[in-house]
Amino acid sequence: MAQAAQPRHLIHLGDLEQDELRDWIDLSLSIKRSGAAPALPGRTLGMLFFRGSLRTRTSFEAAVHQLGGHAINLNAASDFWELEAREGVVMDGRAPEHIRDAAAVLSSYVDALAIRPAPAGHSWELDRRDEGINAWAAHARVPVINMESALWHPLQALADTMTMRESLGELAGKRLAITWSHAPEPSSPAVVHSLLDAAARFGMHIKVAHPPGYDLDGEVMRRAKAASERAGGALEFTSDREDAVRGAHVVYARSWRSLEHYGNSTLAASQRSRTIGWSVDEQLMKLGEDAKFMHAMPIRRNLEATDEVLDGPRSLILCQAENRLHSQKAVLTRLLGR
Ligand code: CP
């Protein structure tokens with residue numbers, strides 16, 4: 001019997017060749033300028049959220065609708081239950097169903113599955129394996145789209161890259177400063193990992209500033225460094241925010257959890273209490289070269305960045321959020337379009 005073709009997944013941007021990545025960004029920009037063809041008549045997207053979302057859920061649902069398709073949204077907290085990702089275990093714990101079975105069943109109802117898993121948050125070594133999203137990809141018979149796992153947020157990076165292209169033109173040689181920002185409940189490093197991946201592949205000159213103890217994932221940094229060298233860009237890390245921002249065209253702020261104290265909330269909180277000054281204000285922005293400000297949101301006003309920066313002419317945060325709609329239409333068109 002002939003084997004069924006493997007579906008095309010989007011788990012991280014590494015799933016796209018460089019010419020595809022460029023094509024998806026070009027299509028996103030074209031859709032924003034001229035609108036999208038109704039590529040999804042009769043198509044259904046199943047969206048499963050194991051944790052909350054404002055932008056991803058709404059922009060995806062609107063994108064599917066505007067392309068002529070239909071989206072079904074399921075929240076683990078209210079609509080279903082915990083799912084087991086591990087293979088071969090005796091399922092006598094909290095999860096009454098395995099992802100293997102849920103993925104097989106849902107694949108017979110919908111044309112693609114978009115998943116936002118909830119990393120357990122106890123061990124980075126474990127969470128960085130992204131077992132949840134990878135189990136969906138292994139067992140689904142339809143494309144699986146990652147809506148932010150522990151390691152990657154490819155949809156945010158597509159919108160961010162589109163936003164930088166829109167604002168700066170060609171990205172090769174442009175200077176991107178990524179600065180850690182203080183927040184009481186920092187996120188995973190997924191947004192920054194995917195942003196690094198994309199910016200490095202487009203040959204940007206990137207400086208990442210963070211306090212000691214907030215190193216990003218080692219394997220992701222090695223990949224980004226190699227991609228940056230291949231593309232003729234540069235990637236540096238520093239604990240000096242002013243050094244990172246000086247001469248930058250874009251300042252991108254994000255708060256991410258310490259991977260050093262991942263799973264130890266007491267040590268993590270104590271470490272974080274020493275980083276309260278890590279906020280972006282006009283004084284810092286002025287060190288850039290007419291720099292734009294970016295953040296994936298949600299953002300803590302006057303903690304991660306001042307109102308003056310967020311509401312001022314340098315801010316691209318609303319443009320980034322809007323671009324989620326256009327770039328996700330491009331993703332759906334390329335993965336599912338008729
Ligand atoms: N940036 C982002 O993914 O936003 P949500 O968490 O609101 O989806």
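The model is predicted, so local features need pLDDT of at least 70 and side-chain atom pairs count only at pLDDT 80 or more, while totals for chains, interfaces and linings use all residues. Residues are numbered from 1 along each chain as its sequence is written, and side-chain values use heavy atoms, with hydrogens and water left out.

Let's start with empty space. Rolling a probe the size of a water molecule over the atoms shows where such space is left. On a 1 Å grid over the protein atoms alone, where a 1.4 Å probe fits, a pocket is an open set of points with protein on both sides within 12 Å along at least five of seven lines, and its lining residues have an atom within 4 Å of a point. Grid points are joined across faces, edges and corners, and a volume is the space filled by probe spheres set on the points.

The largest pocket holds about 860 Å³ of space. It has 44 lining residues, and the closest to its centre are Arg51, Glu185, Pro186, Ser187 and Ser188. Both domain 1 (13–152 + 324–336) and domain 2 (154–321) give at least three residues to this lining; the domain bounds come from an automatic or database domain assignment. Helices and strands here are DSSP runs, numbered from the N terminus (helices H or I, at least four residues; strands E, at least two). At least two lining residues come from each of α2 (55–66) and α10 (265–272), and α10 has the largest share, with three residues. Sorted by class, the lining has 16 nonpolar, 16 polar and twelve charged residues. Nonpolar means Ala, Val, Leu, Ile, Met, Phe, Trp, Tyr, Cys and Pro; charged means Asp, Glu, Lys and Arg; the others, Gly among them, are polar.

The second largest pocket has a volume of about 720 Å³. Of its 25 lining residues, Leu83, Ala85, Ala118, Pro119 and Ala120 lie nearest the centre. Here α5 gives the most, four residues, and the lining counts 16 nonpolar, three polar and six charged residues.

Now look at α2 itself. The expected span of a helix is 1.5 Å times one less than its number of residues. For the twelve residues of α2 that gives 16 Å, which agrees with the 16 Å between its end C-alpha atoms. Which residues of α2 are buried? They are Arg55, Thr56, Ser59, Phe60, Ala63 and Val64. These residues cover an arc of only 140 degrees around the axis, so they sit on the same side of α2. The arc is that of the directions from the helix axis to the C-beta atoms, and buried means under 20% relative accessible area, exposed over 50% and partly exposed in between (1.4 Å probe, protein chains only).

Compare α6 (residues 154–168), where 13 of the 15 residues are buried.

Finally, visit some loops. Asp130, between α4 and α5, has a positive phi near 50 degrees without being a glycine. Is Asp130 buried or exposed? It is buried, with a relative accessible area of 7%. Asp290, in the loop between α11 (282–285) and β11, also has a positive phi, about 50 degrees, but Asp290 is exposed, at 62%. A cis peptide bond, with omega about 0 degrees, joins Met297 and Pro298, and Pro298 lies in the loop between β11 (292–294) and α12 (307–311).
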